[in-house]
Amino acid sequence: IIGRPRSEIAEDALLAALLATTGLAEVLAASVGAGERAVSAVAVVGATLPLAWRRRHPLLPVVAVAFALIVQEPLGGFLVGETATPVVALAIALYSAGRHAATTRGLAAAAAGVVVLSGIRIATDPAVDSAAPAALTVVAVSLPLLVGRWARGQALLRGVLARTAARLARDREREARHAAERERMRIAGDIQAAIAGGLREITSQAEALPGLLRAGDHV
């Protein structure tokens, strides 16, 4: 988590804790046996707590949700189709992967996670009993990833625009300084020319003064 702003660390940790607590409350409220409840409780905690690292390691929550859902089913868990918390955790994990995965390889891994998670839902949820619900499942699982990628693109675009605006502002400021310097040099040149002209006029008058004095004496 090193390198992330403290506010982001706190926000992600709080989000993970809230989802884990909500998931445990759902599991404890279900009318099932103790074994099924224990498996589902461990699975829901494993699926939600990794969201605390969703910005630093954006693929970790996706892997955690997929692993938890895969493992809990054969052990008697009832998360798929019975609880809402894993669905929320999955949506946030996929959005985070799209938003914060910095490489093409990371995005490809997130897309593979979409395929795996869609397959888990289709295979384990009794409500997905035809092609239409299956297609809807794929679309629904893919959507958070696509939205996250769009948000990343918008953030990158805003960054480019901000840097361009800052560069243009610097260029304008530099050009203004150069223009002011050129104006100062022009004014200095005009003053120097005026002073030089005045000095030449004074020198000419001083040189002509003896002649004028001699002419006055003759008169």
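Visitor: How close do the axes of α1 and α4 come, and at what angle do they cross?
Guide: The two axes come within 9 Å and cross at roughly 155 degrees. Axes here are lines fitted to C-alpha atoms, for helices over the stretch in contact, with angles from 0 to 180 degrees between N-to-C directions. Helices are DSSP runs of H or I, at least four residues, numbered from the N terminus.

Visitor: Parallel or antiparallel?
Guide: That angle makes α1 roughly antiparallel to α4; the label applies over 145 degrees, while under 35 is roughly parallel, 65 to 115 roughly perpendicular and the rest oblique.

Visitor: Which residues make the contact?
Guide: From α1, Leu15, Leu19, Thr22, Gly23 and Glu26; from α4, Thr85, Val88, Ala89 and Ile92. Contact means heavy atoms within 4.5 Å.

Visitor: What sort of model is this?
Guide: It is a predicted model, where local features need pLDDT of at least 70 and side-chain atom pairs count only at pLDDT 80 or more, while totals for chains, interfaces and linings use all residues. Residues are numbered from 1 along each chain as its sequence is written, and side-chain values use heavy atoms, leaving out hydrogens and water.

Visitor: Now the core. Which residues touch the most other members?
Guide: The largest nonpolar core has 30 residues, and Leu51, Val65, Leu69, Leu94 and Leu117 touch the most other members. Such a core is a set of buried Ala, Val, Leu, Ile, Met, Phe, Trp, Tyr and Cys residues joined through side-chain atoms within 4.5 Å. Buried means under 20% relative accessible area, with a 1.4 Å probe and protein chains only.

Visitor: Which helix gives the most to this core?
Guide: α4, with six residues.

Visitor: What is Leu94 in contact with?
Guide: Leaving aside neighbours within four places in sequence, Leu94 is in contact with Val62, Ala110, Val114, Val141, Pro144 and Leu145.

Visitor: And α3, which residues are buried there?
Guide: Pro61, Val62, Ala64, Val65, Ala66, Ala68, Leu69 and Gln72. Their cover includes α2, α4 and α5.

Visitor: What about α2, what do its buried residues pack against?
Guide: They pack against α1, α3 and α4. The buried residues of α2 are Ser40, Ala41, Ala43, Val44, Ala47 and Thr48.

Visitor: Last one, Thr137. Buried or exposed?
Guide: Thr137 is found in helix α6 and counts as buried, because its relative accessibility is 7%. Beyond its neighbours within four places in sequence, Thr137 is in contact with Ser118, Arg121, Ile122 and Val128.

Technical notes: Buried means under 20% relative accessible area, exposed over 50%, partly exposed in between (1.4 Å probe, protein chains only). Helices (H or I, at least four residues) and strands (E, at least two) are DSSP runs, numbered from the N terminus.
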